[in-house]
Amino acid sequence: MADNILIAIAWPYANAEIHVGNITGSHLPGDIVARYHRLQGNKVLVVSGTDSHGTPVTLAADREGKPVEEVYKKYHDGFLELFQGFGITYDLFTTTHTENHFKVSQAIFLALKENGFMFTQKSLQWYSPSAKRFLPDRYVEGTCYICGFDGARSDQCDNCGNVLEPEKLKNPRSKEGGALELRETEHFYLDLSKLEPDVKRFLEERSPHLRDTVIGESLRKVEAEGLKPRPITRDLDWG
Ligand SMILES: [Zn+2]
């Protein structure tokens, strides 16, 4: 009997030209697996798309001086043309800016909230008095307070891989220029600590099929550091 095979390939941000790693690292391997299963006679569904939300995309729009909607569409169309030019076969290549995505995201949000996996908490975030708005995540860069790397983003450090608390960032600088100050804001947090036992069990069960590097970055990290609540809302108009 034919199996149903879902292949969900990682969605790149629609914020810059694609690089070869996007193709060799995720889209090409996904396509190879899809073709194998089609030859086996299985029913294959390949879904991917572009992430048109978040600060990577709004920053690209600021940089180009264009509306966000125009910028994400330009990169989205470019990605699809390029991937199809490589012969990669999607059943659906969509974006996060669709009615369907809004509906599904909101349903997941409400289900998490109703089942006790979310709470609200106040924290300090960087704020631009001249622009009269908060500057989350990549809008602010500075020195990592854990490893000392100077190009850390306010929410994470790509050098040491740690998630950062924005208010602890050293030498904070706005990507837009201008002064910064810390102001209090309130957000929804996903209580990942409640999911820790399930996540651990999920990874342990699959560990015979995972490479050491993957286990090191997932299961071993969860065992060593635990899972901590993370804010999943932002002070942004887009997305
Ligand atoms: Zn760091």
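## Charges over rings

A charge sits over a ring if NZ of Lys or CZ of Arg is within 6 Å of the ring centre and within 35 degrees of the ring normal. Arg-183 lies over the face of Tyr-127, at 3.9 Å from the ring centre. The charged end of Arg-206 sits over the ring of Phe-202, 3.7 Å from its centre.

## Basis of the model

This is a predicted model: local features need pLDDT of at least 70, side-chain atom pairs count only at pLDDT 80 or more, and totals for chains, interfaces and linings use all residues. Residues are numbered from 1 along each chain as its sequence is written, and side-chain values use heavy atoms, with hydrogens and water left out.

## Aromatic pairs

Rings of Phe, Tyr and Trp (its six-membered ring) pair if their centres lie within 6.5 Å; planes under 30 degrees apart count as stacked, over 60 as edge-to-face and the rest as tilted. The structure holds eight such pairs. Phe-119 and Tyr-189 are stacked, 5.5 Å centre to centre with 10° between the planes. This pair links distant parts of the chain: Phe-119 belongs to strand β4 (residues 118–128) and Tyr-189 to strand β9 (residues 181–190), 70 residues apart. Strands (E, at least two residues) and helices (H or I, at least four) are DSSP runs, numbered from the N terminus.

Buried means under 20% relative accessible area, exposed over 50%, partly exposed in between (1.4 Å probe, protein chains only). Phe-119 is partly exposed at 28%. Tyr-189 is buried at 9%. The rings of Tyr-127 and Phe-134 have centres 5.0 Å apart and planes at 80°, so that pair is edge-to-face. Both Tyr-127 and Phe-134 are buried. Elsewhere, ring pairs link Phe-79, Phe-83, Tyr-90 and Phe-93 into a cluster.

Two strands pair if DSSP finds at least two bridges between them. An open sheet of three strands runs in the order β1-β2-β3, with parallel pairing. β1 (4–8) and β3 (92–95) stand at the edges with a single partner strand each, so one side of each has no neighbour in the sheet.

Strand β2 (residues 43–50) pairs with β3 over four bridges. Val-47 has Leu-92 in β3 as its bridge partner. Helix α3 (residues 68–85) packs on the sheet, touching β2 and β3 (contact: heavy atoms within 4.5 Å). The direction of α3 makes about 165° with that of β3. Axes are lines fitted to C-alpha atoms, for helices over the stretch in contact; angles run from 0 to 180 degrees between N-to-C directions.
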